[in-house]
Amino acid sequence: MHTETETRWILLGTDGRHVSLGRSEPSEAEVMAASDALAAQGLSGWLARMQGEYYSRRKVTLEPLQRIGAAQEPDWQAALAAFLAARCRATHQ
């Protein structure tokens with residue numbers, strides 16, 4: 001049986017905080033606005049594509065597409081680990 005995997009575009013901060021931009025690819029203007037908002041707060045992160053359902057207990061995968069926000073060099077692996085921990089808390093309550 002083949003089930004279709006959900007795809008979402010998210011903004012992922014360096015501390016694992018995230019927000020969904022929806023199921024369709026965001027426009028360049030939307031990404032720029034999000035990047036500017038993060039940079040104004042001195043934060044950085046990524047535009048990422050998430051495969052899988054967030055609230056399912058099944059595995060999800062994230063693919064970093066574009067670095068956004070402040071000019072600092074963010075740590076993808078640390079952000080990904082924080083994201084997965086937050087998701088685990090949200091799905092196991």
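Which residue in E3 is the bridge partner of Arg-8? I looked this up before anything else. In E3, Arg-8 has Met-50 as its bridge partner. I note here that the model is predicted.

**Entry: strand E1 and its partners**

I then followed its pairing with E3, residues 44-51. The two strands run antiparallel and are joined by 7 bridges. Besides the pair of Arg-8 and Met-50, I noted that Leu-11 has Leu-47 in E3 as its bridge partner.

I turned to E2, residues 18-22. E2 pairs with E1 over 4 bridges, also in the antiparallel sense. Ile-10 has Ser-20 of E2 standing opposite. The hairpin of E1 and E2 has 4 residues between the strands. In this hairpin I found Gly-16 with a positive phi, near 95°.

**Entry: the sheet**

I wrote down the strand order as E2-E1-E3-E4. This is an open sheet of 4 strands with antiparallel pairing. Why is one side of E2 and of E4 left without a neighbour in the sheet? E2 and E4 (61-69) stand at the edges and have a single partner strand each, so one side of each lacks a neighbour in the sheet. From one strand to the next, the twist averages 30°.

**Entry: helix H1**

I looked next at H1, residues 28-40. H1 lies across E1, E3 and E4, and runs at about 65° to E4. H1 has 13 residues, and I read 18 Å from its first C-alpha to its last. That is close to the 18 Å expected at 1.5 Å a residue.

Which residues of H1 are buried? I listed Val-31, Ala-34, Ser-35 and Leu-38. Seen down the axis of H1, these buried residues fall within an arc of 100°, so they line one face of the helix. Their cover includes E1, E3 and E4. On the face of H1 turned away from the buried side, I found the exposed residues Ala-29 and Ala-40. Gly-42 follows H1, and its phi is positive, near 75°.

Conventions. Residues are numbered from 1 along each chain as its sequence is written. This is a predicted model: local features need pLDDT of at least 70, side-chain atom pairs count only at pLDDT 80 or more; totals for chains, interfaces and linings use all residues. Side-chain values use heavy atoms; hydrogens and water are left out. Two strands pair if DSSP finds at least two bridges between them. Axes are lines fitted to C-alpha atoms, for helices over the stretch in contact, and angles run from 0 to 180 degrees between N-to-C directions. Contact means heavy atoms within 4.5 Å. The expected span of a helix is 1.5 Å times one less than its number of residues. Buried means under 20% relative accessible area, exposed over 50%, partly exposed in between (1.4 Å probe, protein chains only). The arc is that of the directions from the helix axis to the C-beta atoms.
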